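Morning, everyone. I have one structure to walk through today. Please look at the screen.

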Amino acid sequence: MTDADHEAGPLMPGGETAETAPRRGRPRSERSRRAILRAVGELVLEHDLSEISMDAVAARAEASKATIYRWWPSKELLVLDALRSEWDTATPEPPDAGSLAGDLRALIIPWTRELAAKPYGRVIASLVARAQTDPEFAREYRTHFVAPRRERARIAFHRAIERGEIPEDTDVEAALDLLYGPFYHRLLHTHAAVTDRFANTILEYVLAAVSASNRGSG
């Protein structure tokens with residue numbers, strides 16, 4: 001983890017963060033928070049999620065297990081928060097590059113390089129597996145991990161509609177699936193690497209698809 005940890009607080013049951021949830025016990029220091037997120041971020045890249053214990057996190061972070069549980073009721077929520085911290089470096093509304101191509105490249109290329117830097121596929125697979133069997137965690141996963149990234153790209157597509165680059169009736173949700181689906185496919189199945197070249201290819205295909213829709217509507 002880096003010092004650019006997200007400003008939103010850790011995930012709490014029911015979609016709350018540490019800022020909105022009622023305070024329990026003594027306030028946790030920012031230094032301790034970062035140490036805990038850094039520790040679990042390192043451990044989850046070294047071991048399968050099933051092999052990681054809160055004891056191991058506490059030992060590496062030099063924090064008490066009670067402190068960890070006070071803010072992260074489950075190991076999975078802690079891992080999700082750590083991963084969100086690692087990836088969540090962009091502003092909620094992405095900069096306007098003046099074109100759909102520019103907006104999407106500004107979102108996707110830096111993220112692609114983060115994906116390629118560390119073995120995140122195993123981590124994502126573990127979280128997805130947990131989401132299939134735990135409805136409460138699935139809600140947290142979608143709300144705090146899936147939805148924010150989709151929202152940034154959604155803003156880019158709506159800007160393109162406003163510019164007249166793509167039709168007003170563009171199915172933005174389908175376009176988002178076209179954009180992000182291939183990356184998660186490679187992450188989960190590990191059959192090929194996520195590279196800049198791959199990212200640029202997917203961007204070209206997505207842009208071609210929405211542009212073809214525009215031509216067809218003319």
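Start with a pair of helices. Helix α4, residues 75-87, packs against helix α6, residues 120-133, at an angle of about 135 degrees. Their axes lie 11 Å apart. Roughly antiparallel would need an angle over 145 degrees, so α4 counts as oblique to α6. The crossing of α4 past α6 is left-handed. And keep in mind that this is a predicted model.

Which residues meet there? From α4 we have E76, V79, L80, L83, E86 and W87. From α6 the partners are Y120, V123, I124, L127 and R130. By class, this contact holds 8 nonpolar residues and 3 charged ones, with no polar residues.

Now helix α5. This one covers residues 100-117, which is 18 residues. From first C-alpha to last, α5 reaches 26 Å. That is close to the 26 Å expected at 1.5 Å a residue.

Let's zoom out to the whole chain. How many helices and strands are there? The protein chain has 9 helices and 0 strands. Reading from the N terminus, the order is α-α-α-α-α-α-α-α-α. The chain has 218 residues, and 45% of them count as buried.

Last item, contacts along the sequence. Take those between residues at least 6 apart in sequence. Of these, 71% join residues at least 24 apart.

Conventions: Residues are numbered from 1 along each chain as its sequence is written. This is a predicted model: local features need pLDDT of at least 70, side-chain atom pairs count only at pLDDT 80 or more; totals for chains, interfaces and linings use all residues. Side-chain values use heavy atoms; hydrogens and water are left out. Helices (H or I, at least four residues) and strands (E, at least two) are DSSP runs, numbered from the N terminus. The expected span of a helix is 1.5 Å times one less than its number of residues. Axes are lines fitted to C-alpha atoms, for helices over the stretch in contact, and angles run from 0 to 180 degrees between N-to-C directions. Angles under 35 degrees count as roughly parallel, over 145 as roughly antiparallel, 65 to 115 as roughly perpendicular and the rest as oblique. A crossing is left-handed if the near helix is turned anticlockwise from the far one by less than a right angle, and right-handed if clockwise. Contact means heavy atoms within 4.5 Å. Ala, Val, Leu, Ile, Met, Phe, Trp, Tyr, Cys and Pro count as nonpolar, Asp, Glu, Lys and Arg as charged, and the others, Gly among them, as polar. Buried means under 20% relative accessible area, exposed over 50%, partly exposed in between (1.4 Å probe, protein chains only).
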